[in-house]
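Please read it alongside the sequence and the 3D view.

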Amino acid sequence: FASKRIPENALFVSRVFLDKVRNLYAANLDIPVLVSGLPGCGKLTVMLGMMPQCGAYFPSIIERVESADMINGSGSASGGGARLVNNIAFMKPLDEQKFPKILIYENLYICNIALLTNNTEIKTYLEQIYRIARSRSIDASRKIFIICHIELCTHEHQRYITFMLDKINSMTSYILTTTHANQIDRKIRSFCAPLRFEYPSEGEFADTFRGNYSSVMEKKHLSSYYVRKYWEIYNNNRMHIGHTLAQIKWLVSSPNISLERLKLDENSRSLLDNIATNFIKKKMKLSALGGAMEIRRFVYTLLSINIDVVEFVQCVVRQLLASRISPISKQKIIEKAGVFSATLPKMNKELIALETFLYELVYVVYSGGDDI
């Protein structure tokens, strides 16, 4: 994924769904699109990954791309096609001061409503998107807007999106994503072509996983037995591909968790529950300085492979509350968890908040409920 051009076969999605997206893109997104699916399933990644299929994408180099395709015999990422970026890592903020949360690359704009902090900011960003949509480009190119998580918009904001779609012109295209299609205003749904995200089959998942990781993982970790376990982890995470890949990275690098003995279906336990259990047994020991350093090393590892911090803390707290520690300790753990959830969004670095919280947990458990 360090490459600017992510190939289609690297996307964790049904190939049937890719064909549907390809057909919409072949029509240059003449109608707004509403993509719905489970949280974290890869809606934005897939719509962005398929963007080079859209003729309206990067109009300034269409001729170069077509020339490169004629020379290479396909849409390869060489020649003129090398600039066909479909990776969000290479996009830049629209305005560092006023609108840093709108990302742009050529004529493609992305705004994630989940990153906006309050209703006023959501309204300001939607109004800015509308202003950009109504303005004409120097080369009269089409503008493509991807707006994510519109289910987080209030009724008033969704009515404004309806207004934006009602005023759409021939040089503007919208792709909207949501995790709850039933929370979207009926008029928005009537304006858009509905696309329900289709998840990969077990065979498609296996092919995609091996294609992505065959050059970086040991051969034994790509065997049918292991990939079958990865598929179970994927289903256990309710198709959240980010959590799945992060947990698999942890699994193959951790000597303390055995894949062969891993049970995910029993009592709805997830791999993250297993990681939390292993942490409580192996790391939460009030011994010497070495124990503290072990926790710090654990926190760095946790963040380096993109394990979701909040979900991990929820698993640890849930297991501690179900353990045999004193009621006073359990009450104090709940208080500490509340403080952690309130302070985490305000922290510049998650690792500081997480490391402090884990040290506090160790102290509370061993002190019998005393505060620090």
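## Contacts and basis

Contact means heavy atoms within 4.5 Å. By that criterion, and not counting residues up to four places away in sequence, Y230 touches F205, F209, M217, H221, T244, I248, L251 and V252.

This is a predicted model: local features need pLDDT of at least 70, side-chain atom pairs count only at pLDDT 80 or more, and totals for chains, interfaces and linings use all residues. Residues are numbered from 1 along each chain as its sequence is written, and side-chain values use heavy atoms, with hydrogens and water left out.

## Overall make-up

The protein has 14 helices and 7 strands. Both are DSSP runs numbered from the N terminus: helices are H or I with at least four residues, strands E with at least two.

Of its 372 residues, 47% count as buried. Buried means under 20% relative accessible area, exposed over 50%, and partly exposed in between (1.4 Å probe, protein chains only). The accessible surface comes to about 19,000 Å², and 53% of it belongs to carbon and sulfur atoms. Areas come from the Shrake-Rupley method with a 1.4 Å probe; for residues, only the protein chains shown count as cover. Among contacts with a separation of 6 or more, 70% are between residues 24 or more positions apart.

## Nonpolar cores

A nonpolar core is a set of buried Ala, Val, Leu, Ile, Met, Phe, Trp, Tyr and Cys residues joined through side-chain atoms within 4.5 Å. The largest has 52 residues, of which F209, Y230, F312 and L358 touch the most other members. Eight helices are named as suppliers of at least two residues each: helix 7 (202-213), helix 8 (224-236), helix 9 (241-253), helix 10, helix 11 (289-304), helix 12, helix 13 (327-343) and helix 14 (350-367). Helix 14 gives the largest share of this core, 8 residues.

Another core, of 35 residues, lies apart from it; A56, V85, M91 and I144 are among its members. In soluble globular proteins, nonpolar side chains tend to be buried together.

## Aromatic pairs

A search of the whole structure finds 22 aromatic pairs. Rings of Phe, Tyr and Trp (its six-membered ring) pair if their centres lie within 6.5 Å; planes under 30 degrees apart count as stacked, over 60 as edge-to-face and the rest as tilted. Y160 and F163 form a tilted pair, 5.7 Å centre to centre with 40° between the planes. The two are separated by about one helical turn because they sit 3 residues apart in helix 5 (residues 155-166). Y160 is partly exposed at 22% relative accessible area. F163 is partly exposed too, at 33%.

F279 and F312 pair edge-to-face, 5.7 Å centre to centre with 75° between the planes. F279 lies in helix 10 (residues 271-282) and F312 in helix 12 (residues 309-321), so this pair ties together parts 33 residues apart in sequence. Elsewhere, ring pairs link F12, F205, F209, Y213, Y225, Y226, Y230, W231 and Y234 into a cluster.

## Strand pairing

Two strands pair if DSSP finds at least two bridges between them. Strand 1 (residues 33-36) runs parallel to strand 6 (residues 172-178) over 4 bridges. Here S36 stands opposite T178. Strand 1 also runs parallel to strand 7 (residues 193-196), again through 4 bridges. V33 has A193 as its bridge partner in strand 7. V33 and V35 point one way from strand 1, L34 and S36 the other, and all are buried.

Strand 2 (residues 92-95) and strand 3 (residues 99-105) are antiparallel, with 3 bridges. D95 is the bridge partner of F99, and a hairpin of 3 residues joins the strands. Strand 3 is also antiparallel to strand 4 (residues 108-112), with 4 bridges. L103 pairs with I110. In this second hairpin, with 2 residues between the strands, E106 takes a positive phi near 55°.

## Cysteines

How many disulfides does the structure hold? There are 0, a disulfide being a pair of cysteine sulfur atoms within 2.5 Å. For C111, the nearest cysteine sulfur is that of C148, 8.0 Å away. C111 is buried at 1% relative accessibility. C41 is buried, at 1%.
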